[in-house]
Amino acid sequence: GWPAGALIELLIDHVGTAELQLLQSALHAQERGQIVFLQTPYQPHACSLLQAGFPQQRLLWLRGQKLNDALWTAEQVLSSANCAALLFWQNQVKAESLRRLHLAAQHGRTLFYLIRSSRFKDHPSPAILRIHLQVVQQGLSLSFIKRRGVQKHEAIILPMSLPPAISMRSSIESDVRHTENAAARVGRDSFAALATRRLLPSLVS
């Protein structure tokens, strides 16, 4: 299974590389706590998430207006020990910030995935597991860039039907104008109130 309480990096060539479908079983196995989506590149498609078996009451969608707000929010989620998983989409993260988040993750058992572009695969990272995801004809290819123990140089191919069952809208620029209040916008003085903010019925289409 996926290691909890540690930074895991999923490096993708483009958004929508079946990253959510890959994590679906692990997230379903978390019986308690919220599943947090932070800085998603697109607006989460609530109907698809519900059809995939994610309970609406446990999903929390957060968007920080600034990078520092997003990093601060990620640290609070990891330190709270009240969340089952944090999925954080963010490309530009300094090594110092990654170390800080990795330390925060070690205080609890939260599954912590940082999802960012594969162009950062050669950058240093404290993550204990780094995987390059690529969509191939047979399904999804997993290339291990960094892992504990003996390094595995051959990619693993996971057969799966694509496009993934879990999808995201590609028109966030227009959608967000009409659902501005659907996502909890994060400021450093507002985290305590976010525990009750989840994917709202207005996102279901």
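Trainee: Is Q39 buried or exposed?
Mentor: In this predicted model, the relative accessible area of Q39 comes to 17%. The scheme calls under 20% buried, over 50% exposed and anything in between partly exposed, with a 1.4 Å probe and protein chains only. Q39 is therefore buried.

Trainee: Which pLDDT do local features need in this predicted model?
Mentor: Residues are numbered from 1 along each chain as its sequence is written, and side-chain values use heavy atoms, with hydrogens and water left out. In this predicted model, totals for chains, interfaces and linings use all residues and side-chain atom pairs need pLDDT 80 or more, while local features need at least 70.

Trainee: Back to Q39, then. What is its phi?
Mentor: Most residues other than glycine have a negative phi. Q39 sits in the loop between β2 and α2, with helices (H or I, at least four residues) and strands (E, at least two) being DSSP runs numbered from the N terminus. Q39 is not a glycine, yet its phi is positive, at about 60 degrees.

Trainee: How far apart in space are T40 and I115, C-alpha to C-alpha?
Mentor: T40 is also in the loop between β2 and α2, and at 5% relative accessibility it counts as buried. I115 is 75 residues from T40 in sequence, but C-alpha to C-alpha they are separated by 9.4 Å.

Trainee: Zooming out, what pattern does the chain follow along the sequence?
Mentor: Count the elements and you get five helices and nine strands. Of the 205 residues, 51% are buried. Reading along the sequence, the pattern is β-α-β-α-β-α-β-α-β-β-β-β-α-β.

Trainee: What share of the contacts with a separation of 6 or more is between residues 24 or more positions apart?
Mentor: A contact here is heavy atoms within 4.5 Å. Take those with a sequence separation of 6 or more, and the part from residues 24 or more positions apart is 72%.

Trainee: Which residues of α1 are buried?
Mentor: Helix α1 covers residues 19-28, and eight of its ten residues are buried, so the rest of the structure largely encloses it. Going along the helix, they are E19, L20, Q21, L22, L23, Q24, A26 and L27.

Trainee: Which residues does L133 touch?
Mentor: Leave out residues up to four places away in sequence. The list for L133 includes L10, L11, I12 and D13, then T17, E19 and L22, and ends with L140, S141 and L142.

Trainee: R130 is an arginine; is R130 buried or exposed?
Mentor: R130 belongs to strand β6, residues 129-136. Beyond its neighbours within four places, R130 is in contact with residues including E9, R116, H123 and F144. Its relative accessibility is 3%, which means it counts as buried.

Trainee: What about A84: how far is its C-alpha from that of A4?
Mentor: A84 is in strand β4 and is buried at 4%. Its contacts beyond four places in sequence include Q30, G33, R58 and L111. A4 lies 80 residues away along the chain, and the C-alpha separation is 9.4 Å.

Trainee: Last one: is R148 buried or exposed?
Mentor: R148 is in the loop between β7 and β8. Its C-alpha is 6.5 Å from that of I128, 20 residues away along the chain. At 63% relative accessibility, R148 counts as exposed.
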